[in-house]
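Reader: I would like to learn how to read strand pairing and a ligand shell. Could you take me through one case?

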Amino acid sequence: MGILTTDKFPLLVVLNPFSGKKQSREVWETILQPALHRAGKPFKVIESGAQGHAQTYFFDNIKPIITDLVQSISVANKPVSDSASGPSVVLPSSATLEVMVVGGDGTVHEIVNGILHGVKGTEFVSEAFRPTVKFSIIPTGTGNAISTSLGVTSVQDALDRYLAGKEIPMRIMTVSTKASGNHWEPRLYTVVVNSFGLHCATVYDSEEFRHLGNERFRQAAMKNIENLKQYEGKLVFYGPVQSYNRSSHSLAPSNNSSGDDLTASTETLSGPFTYLLITKQASLEPGFTPTPLANTADEWMDVLAVQNVGQAEILQMFGATSNGQHIQQEQVEYFKTKVVELETPTQGRLCVDGEFMTIEPGPDGRVRFEVAKDLNTQIFGVFA
Ligand SMILES: Nc1ncnc2c1ncn2[C@@H]1O[C@H](COP(=O)(O)OP(=O)(O)OP(=O)(O)O)[C@@H](O)[C@H]1O
């Protein structure tokens, strides 16, 4: 790999020149690079050359990166030679990899998926040795959901938070389907949002409006609202569920809540769905906060469900999503949960952080969403 040029392991900077309005390179050259030089931080730049590049890069290289990272710590910790036995090198039980993303949420999604698939089933992330990956997310994408949810207001703000060094856990979700032998196999890891129905169709259609920046989502949403569809499916919750109570303006344990037993089904929404989001972030872009109670760092995922409504109700909801007041509306159901499964009677489409996945029909095609609880997937943090 040869990433280790000094005994100080570099910050890995992943730059996506295609994100948002294509300003990542300029932001890097004019703001970030000079600031890192001033701060004396060594770095290595990885420029994404195509869709999927960041994911493939980390999938292919995460093991040598971790090896070099461990070596750098071992070098730094090497005690002064005391005798003929020479210096002893003590291998650490953990190490911190810092990754600065100059791009959007899709780039963070690619890196997380590349890393977790790259180390799966290896000793590179295990009980004996577990690295942590700390992200500095510089918001040069379109939605910048993670940054917006953390209240980051600008590139400079994100940079200042990185240099200040305060971080919080960035919990992710696993998206699994049934593999042979009937066990759940994680297919994808989600950092922002899984969606079904209108939101997924909007993201799908928004690519053709990419040149419009943020406006692309609005254009694609209007197109889909004009031609509003209902999406057949049922959503089954397992284990503890909290639902939002409009009268008390607060979350309360669902009536059927089954303690911490994640195998017991608690609640079912029978659909059809007009709009369905399962998220880890409160905002999906500045001015759009569909799951206002979501928290990047907690062990819950938030579910916003709108079942079988018409254009007027959907427009009414969107009219109040800027400040989260839509969760007071009758047609909006809001939950916090840890495990939920979606089943569709016919083939469906799921959107996972902007990546699309096919839902196969019937019980065998069920998709299971979980807040990742395996410690080997809970390795991410974000400077906040
Ligand atoms: N060199 C490249 N050329 C074209 N597409 C690229 C390139 N590198 C990465 N991509 C793709 O760019 C897309 C957008 O990336 P990213 O998520 O960073 O920005 P965004 O979509 O504008 O922001 P957000 O996800 O925050 O809304 C991703 O699908 C990624 O795979």
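This is a predicted model: local features need pLDDT of at least 70, side-chain atom pairs count only at pLDDT 80 or more; totals for chains, interfaces and linings use all residues.

Reader: Is strand S14 mostly covered or mostly open, and how many of its residues are buried?

Author: Burial is read from a neighbour count: a residue with 20 or more other C-beta atoms within 10 Å of its own is buried. In strand S14, residues 333–343, eight of the eleven residues are buried, and the strand is mostly covered.

Reader: Which strands pair with S14, and in which sense?

Author: Pairing is read from bridges between strands. Strand S9 (residues 234–245) pairs with S14 in the antiparallel sense over eight bridges. Five bridges join S14 to strand S13 (residues 301–307), again antiparallel. With strand S17 (residues 367–371), S14 forms an antiparallel pair over four bridges.

Reader: Now the ligand. Which residues come nearest?

Author: A shell is read as a list of residues around the molecule. Here the ligand has 22 residues around it, and Ser19, Gly104, Gly106, Gly141 and Gly143 come nearest.

Reader: Which helix gives the most to the shell?

Author: Helix H3, residues 105–119, gives the most, with four residues.

Note on methods
Residues are numbered from 1 along each chain as its sequence is written. A residue is buried if 20 or more other C-beta atoms lie within 10 Å of its own, exposed if 12 or fewer, and partly exposed in between; C-beta atoms are placed from the backbone. Helices (H or I, at least four residues) and strands (E, at least two) are DSSP runs, numbered from the N terminus. Two strands pair if DSSP finds at least two bridges between them. A residue is near a molecule or strand if its C-beta atom, placed from the backbone, lies within 6 Å of it.
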